[in-house]
Amino acid sequence: RKLAATARSRHGATKCAILHRLGVVNVGEASVVIAVSSAHRKEALAACAWLIDELKATVPIWKKEVYDEGPPAWKQNAEWAPPGTSSST
């Protein structure tokens, strides 16, 4: 909710929705959906781009990758940095 509120105030978006899937997400399937509405396309696209970057940088999302060979591995999104440190974005 905080990310959506910030996107609305920074980019003039009217409404924002962010959904991150849980459970099994096959390779090639979307794991995040972001929808933004605004009076003008440029503002909506800027808000959408900011939202995905900010989501990756501020939310510690972990995923379990399952491979054809070898054991599965838990991976954290590379862009996230713990509070008080700087992220790579």
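I take a helix to be a DSSP run of H or I with at least four residues, numbered from the N terminus. With that settled, I looked up leucine 45 and found it in helix H2. The model I am reading is a predicted one.

**Entry: leucine 45**

Is leucine 45 buried or exposed? I checked its relative accessibility, which is 56%. Exposed means over 50%, so leucine 45 counts as exposed at 56%. Next I looked up its separation from histidine 11.

**Entry: the whole protein**

I noted 2 helices and 4 strands. Reading from the N terminus on, I wrote down the order α-β-β-α-β-β. The protein has 89 residues, and 18% of them count as buried. I also looked at contacts between residues at least 6 apart in sequence. Of these contacts, 29% join residues at least 24 apart.

**Entry: H1 against H2**

How do the two helices pack? Helix H1 covers residues 2-11, and helix H2 covers 41-58. I found an angle of about 145° between H1 and H2. Their axes lie 10 Å apart. The crossing of H1 past H2 is right-handed.

I listed who meets whom. From H1 come Leu3, Ala4, Thr6, Ala7, Arg10 and His11. On the H2 side, they meet Glu43, Ala46, Ala47, Trp50, Leu51, Glu54, Leu55 and Thr58. Sorted by class, this contact holds 8 nonpolar, 3 polar and 3 charged residues.

**Entry: the largest pocket**

Last, I turned to empty space. Rolling a probe the size of a water molecule over the atoms shows where such space is left. The largest pocket has a volume of about 800 Å³. I counted 27 residues in its lining. Which of them are closest to the centre of the pocket? They are Val25, Ser31, Lys63, Lys64 and Glu65.

I also asked which elements supply the lining. Helix H2, strand E3 (62-65) and strand E4 (73-76) each give at least two residues to the lining of the largest pocket. E3 gives the most, with 4 residues. By class, I noted 12 nonpolar, 7 polar and 8 charged residues in the lining.

**Entry: looking back**

H2 turned up in each of my local searches. Helix H2 holds leucine 45. H2 packs with H1 at about 145°. H2 also supplies at least two residues of the lining of the largest pocket.

How values were computed:
Residues numbered from 1 in each chain as written. Predicted model: local features only at pLDDT ≥ 70, side-chain atom pairs only at ≥ 80, totals over all residues. Heavy atoms only, no water. 1 Å grid on protein atoms, 1.4 Å probe; cavity = no way out; pocket = protein on both sides within 12 Å on 5 of 7 lines; lining within 4 Å. Points joined across faces, edges and corners; volume = space filled by probe spheres on them. Nonpolar A, V, L, I, M, F, W, Y, C, P; charged D, E, K, R; others polar. Axes fitted to C-alpha atoms, helices over the stretch in contact; angles between N-to-C directions. Left-handed = near helix turned anticlockwise from the far one by under 90°. Contact = heavy atoms within 4.5 Å. Buried < 20%, exposed > 50% of the residue type's maximum accessible area, 1.4 Å probe, protein only.
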